[in-house]
Amino acid sequence: LQDQPALAPRAFFAAALVCLLGMAAALAFLWRDVAQRRRAESRLRTQMALRSAMERSVALGLRAWDMDGRLLFVNQAFCQLVGWSAAELLGRTGPGPHWPPDQGEEWGPPGDAGREGREVRLRHRDGHGLDVLLHTAPLTQPDGRQIGWIGSVLDITERKRIERLAAQQQEQLEASGRLVVVGEVASTLAHELNQPLGALSSFATGLLNRLQAGRIGADEIVPVVERMARMADKAGRVIQRVNAFARRQEMTRQPLALNGFVRRVVAQVHGPEGVALALKPPATDPVLPADALLLEHALHNLVLNALEWAGQGPSGPARVRVSWWATEAEAAVRVEDSGPGVPPEQHAQVFEAFHSRKPGGMGMGLAICRSIVEAHHGRIEVGRSATLGGAQFTLWLPLNP
């Protein structure tokens, strides 16, 4: 009987101990849950801070809609782009005030993948237009269910302005190029047709005078008319070659012997009196593929320029020298004079169209020379003559086309 009362305190103590252990375990679990929740909240705050910092730093406008087209989110960059605040834009259904009504829906309907990367024009709050590039993608939950759309807006207004400016400049360059071509054609025709037309006029006048005087027979008329026909044929071929050259068509090159060609061209040039013109031919006769009529015009222009500038040198007699030679791959024709020469700072400008150092000059001669030489896949160089002291122009022409 004395043992029974002793069991009650022990049982109570055991029950209390179990309760204490349970409370301790509950507190441990609660502490762990609180710690996990604090860590989760800390990570969430870090992510939110990172997201906010990224939204503030990115220059790309971002927007999000639900499936009904209601605007759910806009970042600061998009608000700055269109001039409207987030409070004025969020919650709207359909196109916002920044969206021109003539461009359809602002938000991409389900499955409209073709709207990615489209260029549209937005409207700023103050009324001016904005060129932007839109990209749209589905907004989905982790289980794959789509809850809306998210889109990015890239401001390309400056790029479009530069593109339009570049297009305008290209049009101006093309117009200038057409003007240069017209000048090249006019200048080339004026020179090349001058000789055959002058010869035709002389033959026609002489033939008419002799016919009127009765001092010519029928057998003497035939050679004169044949020469007139040859001159007319040459004038026609000049026009055809110049037109083909102006249209940048591929030229028909024929083997051309430089010795006879250079001598013939130089003999046709008539410059000022008192200028000594010397030729320096090579020991061999180089032959290269070329269009003789066009190359004749280029060389004629260089020799005529040299004759006109030779007498304007600082001292000494007026002299011009024409030399030519050939290497393994190229043939060269050099024209030197005793004139004042070309200043080094103008070496690149002398070949530009409408740049002339002559009083009243059009500035087309050297530009045409360069075009002709480049059409032959060659090059033209300018420098100072080491022997005569004036300008030195060298044509380099390939021996193989």
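A crossing of two helices is called left-handed if the near helix is turned anticlockwise from the far one by less than a right angle. In the predicted model described here, helix 8 passes helix 9 in a crossing of this left-handed kind. Helix 8, spanning residues 292–310, and helix 9, spanning residues 365–375, pack at an angle of about 145°, and their axes lie 9 Å apart. On the side of helix 8 the contact is made by Leu294, Leu295, His297, Ala298, Asn301, Leu302 and Asn305, while helix 9 contributes Gly365, Leu366, Ile368, Cys369 and Ile372. Of the residues in this contact, 8 are nonpolar and 4 are polar, and no charged residue takes part.

Charged side chains pair elsewhere in the model, which holds 14 salt bridges. One of these joins Asp131 and Arg121, with an N to O distance of 2.9 Å; the pair links distant parts of the chain, since Asp131 belongs to strand 4 (residues 129–140) and Arg121 to strand 3 (residues 118–123), 10 residues apart. Asp131 is buried, at a relative accessible area of 10%, whereas Arg121, at 40%, is partly exposed.

A salt bridge also connects the side chains of Arg70 and Asp66, at 3.0 Å from N to O. Here Asp66 has a relative accessible area of 13% and is therefore classed as buried, the limit being under 20%, while Arg70 is partly exposed at 34%. In the salt bridge between Arg379 and Glu381, with an N to O distance of 3.2 Å, Arg379 is partly exposed at 36% relative accessible area, and Glu381 is likewise partly exposed at 36%.

Technical notes
Residues numbered from 1 in each chain as written. Predicted model: local features only at pLDDT ≥ 70, side-chain atom pairs only at ≥ 80, totals over all residues. Heavy atoms only, no water. Axes fitted to C-alpha atoms, helices over the stretch in contact; angles between N-to-C directions. Helix = DSSP H or I, 4+ residues; strand = E, 2+ residues; numbered from the N terminus. Contact = heavy atoms within 4.5 Å. Nonpolar A, V, L, I, M, F, W, Y, C, P; charged D, E, K, R; others polar. Salt bridge = Lys/Arg side-chain N within 4 Å of Asp/Glu carboxyl O. Buried < 20%, exposed > 50% of the residue type's maximum accessible area, 1.4 Å probe, protein only.
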